[in-house]
Amino acid sequence: MSLHELYPPIVLEHNKDPHNVGEIEGADITSKGTHKSCGDDVQIYLKLEGEIVREGRFVGRGCAISQSSASMMTDRMRGKTLNEALEFVNEFKRMIAGEKEFPDTVEFIELSALKGVRKFPVRAMCASLAWITMESGVTDYKERKNGSAT
């Protein structure tokens, strides 16, 4: 595997000029995650309108893969219901794990650039960090809102 496969141009572009960076004052959901093996960290902020993600942002530091993935993830969450967001996270995690292929659709075309991490479990965790962090925040929010574990 070449470095180009691990760091394709779209990953480098999102790392150089990430989308949706910054905190959201009054965010409905905040969640912090850390990849202890390499020191990457990310904090996810979601602003909701009912059950719909109206805005997603992140603050983080780490490798190009983790930060690019966070940028792409926040782009994809906008307009999804919380349940759709959780389904999307599960699909992404299955694709990163190599359990299924990335579909050739608009929603997944950029994300498919991350498939090179499949051969490197530590790098797969870098790509998944923002997703797992967002999933944890949404799950915690839903549990608080419902008053019990789901």
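Biologist: Which residues are linked with E91 in a network of salt bridges?

Modeller: A salt bridge is a side-chain nitrogen of Lys or Arg within 4 Å of a carboxyl oxygen of Asp or Glu, and here the network links E91, R94, E99 and K100. Please keep in mind that this is a predicted model, in which local features need pLDDT of at least 70 and side-chain atom pairs count only at pLDDT 80 or more, while totals for chains, interfaces and linings use all residues. Residues are numbered from 1 along each chain as its sequence is written, and side-chain values use heavy atoms, with hydrogens and water left out.

Biologist: Where do R94 and E91 lie?

Modeller: Helices (H or I, at least four residues) and strands (E, at least two) are DSSP runs, numbered from the N terminus. Both R94 and E91 belong to helix α4 (residues 82-96), three residues apart, which is about one turn of the helix, and their side chains meet in a salt bridge of 3.5 Å, N to O.

Biologist: How many salt bridges does the structure hold, and which residue forms one with R61?

Modeller: The structure holds 12 salt bridges. The partner of R61 is D41, with the closest N and O atoms 3.0 Å apart; R61 lies in strand β3 and D41 in strand β2, so the pair ties together parts that are 20 residues apart in sequence.

Biologist: Is D41 buried or exposed?

Modeller: Buried means under 20% relative accessible area, exposed over 50%, and partly exposed in between (1.4 Å probe, protein chains only). D41 is buried because its relative accessible area is 11%, whereas R61, at 55%, is exposed.

Biologist: What is the order of the strands in the open sheet?

Modeller: Two strands pair if DSSP finds at least two bridges between them. The open sheet has three strands in the order β1-β2-β3, with antiparallel pairing, and its edge strands, β1 (29-35) and β3 (52-61), each pair on one side only. Nine bridges join β2 (residues 40-49) to β3, and the bridge partner of Q43 in β3 is V59.

Biologist: Which side chain is joined to H14 by a polar contact?

Modeller: A polar contact is a pair of N or O atoms within 3.5 Å; within protein, one must be able to donate a hydrogen and the other to accept it, and residues adjacent in sequence count only if both atoms are side-chain atoms. The side chain of H14 is joined to that of E110 at 3.1 Å. H14 sits in helix α2 (residues 9-16) and is buried, with a relative accessible area of 2%.
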